[in-house]
Amino acid sequence: MQLAELSSYAIAELPKATPVVIPLAAMEQHGRHLPLATDSLLCAEVLRRAEERLADRVLVAPLQWLGNSDHHLEFCGTMSAGPRTYLDLLNDVLETFLTHGFRRLVLFNGHGGNDVPARQAIFETRQRHRRRSDLLLLLTTYWALGSKPQEIEPSLVQRQMGHACEWETSMMLRLRPDLVGDYQSLEPISQTMPLEPAAQGWITPDRSQVGHIGNPSAATAVKGEKLLSIFADDAVAMLERVMAWRAP
């Protein structure tokens, strides 16, 4: 069910245990070859495929296309809500649905820069409602739900998601090939950070002067379909667990 397509009265009649899925994405640079809306397009597609299989059992909020993308601001066109602004926004969105009585809220993320503030938002919201035992507040990122795509599809070169990389470029070739520029001539850029496993504060030019991180030249539409299918399967499995959850 799409929240934007329902009336207020229809939403009020829904069971309050209905999971509310709030998709999070971004509007930011994706190298020389992909559009700024890449994260938004891909997150929406994964969730669309999942929702088709879940019928009327979940309520999907409109995609939040503005994300925390400060690390990409050296690249023209990037739009960003700073980390603290974004944290406040997510807190307010969560509170809105709690005000309306819903008890199972899922931030469904499609942009890596949203991860830290979104984790903090669900943490803070839970503390504000610490006397309640009936709340389920989750953050999940669609490419980190458990599957290892490179083990399912051996033709994948990358072992993990990058940025404007083999994985994202492949999915865009499957979803919107008309928006994909010359990716085949791009050189791979390492996805690893020099001091891992320590977490390093970084901006994109610290890792890539051209904007992509990973190996976009290895992308194909066939790989893209496989990735979208894997991620949609993972999303369905996760949301079914949310529906089956029982408060302790």
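Let me start with the rings: Tyr142, Trp143, Trp167 and Phe231 are linked into a cluster by ring pairs. Bear in mind that this is a predicted model.

The count of aromatic pairs comes to four. In one of them, Tyr142 and Trp143 have ring centres 5.0 Å apart and planes at 85°, so the pair is edge-to-face. Tyr142 also pairs with Phe231; here the centres are 5.2 Å apart and the planes stand at 65°, so this pair is edge-to-face too. That pair links distant parts of the chain, 89 residues apart: Tyr142 is in the loop between strand 4 and helix 5, and Phe231 is in helix 8. Both Tyr142 and Phe231 are buried, with Tyr142 at 0% relative accessibility.

Trp167, from the cluster, takes us to helix 6, where it is one of the buried residues. Why do I call helix 6 largely enclosed by the rest of the structure? Because eight of its 10 residues, in the run 166-175, are buried. The cover over those buried residues includes helix 2, helix 5 and helix 8.

Now the largest pocket. Its space is about 1,200 Å³. It has 36 lining residues, and Gly112, Gly113, Asp115, Trp202 and Arg207 are the closest to its centre. By class, the lining has 14 nonpolar, 15 polar and seven charged residues. Helix 3, helix 4 and strand 4 each supply at least two lining residues, and helix 4 gives the most, with four.

Last, charges over rings. The charged end of Arg207 sits over the ring of Trp202, 4.6 Å from its centre. Elsewhere, Lys16 lies over the face of Phe102, at 4.5 Å from the ring centre.

How values were computed
Residues numbered from 1 in each chain as written. Predicted model: local features only at pLDDT ≥ 70, side-chain atom pairs only at ≥ 80, totals over all residues. Heavy atoms only, no water. 1 Å grid on protein atoms, 1.4 Å probe; cavity = no way out; pocket = protein on both sides within 12 Å on 5 of 7 lines; lining within 4 Å. Points joined across faces, edges and corners; volume = space filled by probe spheres on them. Nonpolar A, V, L, I, M, F, W, Y, C, P; charged D, E, K, R; others polar. Buried < 20%, exposed > 50% of the residue type's maximum accessible area, 1.4 Å probe, protein only. Contact = heavy atoms within 4.5 Å. Phe/Tyr/Trp six-rings, centres within 6.5 Å; stacked < 30°, edge-to-face > 60°. Lys NZ or Arg CZ within 6 Å of the ring centre and 35° of its normal.
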